[in-house]
Amino acid sequence: QQGLQAGGVTLEEIQAALGGETDFAFLSFMGEGQAFGLTQAEDQARLDSLIQKLDEANEGSGDTLKEEIDGWTIISDNQAAIDAAKRAHEGDSLAEADAFEEAMGDLSGDALFRFFLDGAALSRQLDAQTQGAASSLAGGGRLESIAGDVTAEDDGFGFNMVTRTSGGTEPKTYTSELLSLVPADVLVYASFSGLGNQLKQVSSNPQL
């Protein structure tokens, strides 16, 4: 809320400007002009007004670029990212990718938020920077995808993440033997199996 106030906008303005679905895409973790947003605004005038207010609040950082395609508004700070979205709409897009379809099939259909990481693309970028980190993440195999979601539960929120790999070592399920030592009113509880060995494997890469 404080961050929004500093930008001169309110949560209500954002809710009114965005459509029923809002997406963000990152083409790469390196370089400029590699990200864009998509929304199907219910009121285009409100979305335009919101973008203008944000640009005025961030004077000097450049104007936000936007284009409309079939009722969807593409938003970015770089024309190259918008052009990439337009090319996907005219040809091969994520909707036709088998890895994406399989990853989304692992998640809840009524999630509040879902994300997908292309394992092959992520591996190429990680390996280029760290000389083999992706292989460590995949247990020595090939990373296919990482996907996750946030769901609404009766008593809070649920978070699920699924990693798909081919080859390498398979993680084993286990039951925590230390749960009896955790207080009942704990705020956050996390349990890991074989964390020491995993850290050793990852830290064996000198780039990490």
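Colleague: Which residues form the negative surface patch?
Modeller: Here Asp and Glu count as negative, with His and the chain ends not counted. Patch members have over 30% relative accessible area and no salt bridge, and like charges are joined within 9 Å. In this predicted model, local features need pLDDT of at least 70, side-chain atom pairs count only at pLDDT 80 or more, and totals for chains, interfaces and linings use all residues. Under those criteria, the patch consists of Asp 110, Glu 153, Asp 154 and Asp 155.

Colleague: Is Asp 110 buried or exposed?
Modeller: Asp 110 sits in the loop between helix H5 (98-105) and strand S5 (113-118). Buried means under 20% relative accessible area, exposed over 50%, and partly exposed in between, using a 1.4 Å probe and protein chains only. With a relative accessible area of 62%, Asp 110 is exposed.

Colleague: Happy with that! How many salt bridges does a search of the whole structure find?
Modeller: A salt bridge needs a side-chain nitrogen of Lys or Arg within 4 Å of a carboxyl oxygen of Asp or Glu. Residues are numbered from 1 along each chain, and side-chain values use heavy atoms, leaving out hydrogens and water. The search of the whole structure gives 6.

Colleague: Which residue forms a salt bridge with Glu 13?
Modeller: The closest N and O atoms of the pair are 3.0 Å apart. Glu 13 lies in helix H2 (residues 11-17) and its partner in helix H3 (residues 44-57), so the pair ties together parts 40 residues apart in sequence. The partner, partly exposed at 29% relative accessibility, is Lys 53.

Note on methods: Patch = residues over 30% accessible without salt bridge, like charges linked within 9 Å, V, L, I, M, F, W, Y side chains within 5 Å. Areas by Shrake-Rupley, 256 points an atom, 1.4 Å probe, with all protein chains shown as cover. Charge placed at Lys NZ, Arg CZ, Asp CG, Glu CD. Helix = DSSP H or I, 4+ residues; strand = E, 2+ residues; numbered from the N terminus.
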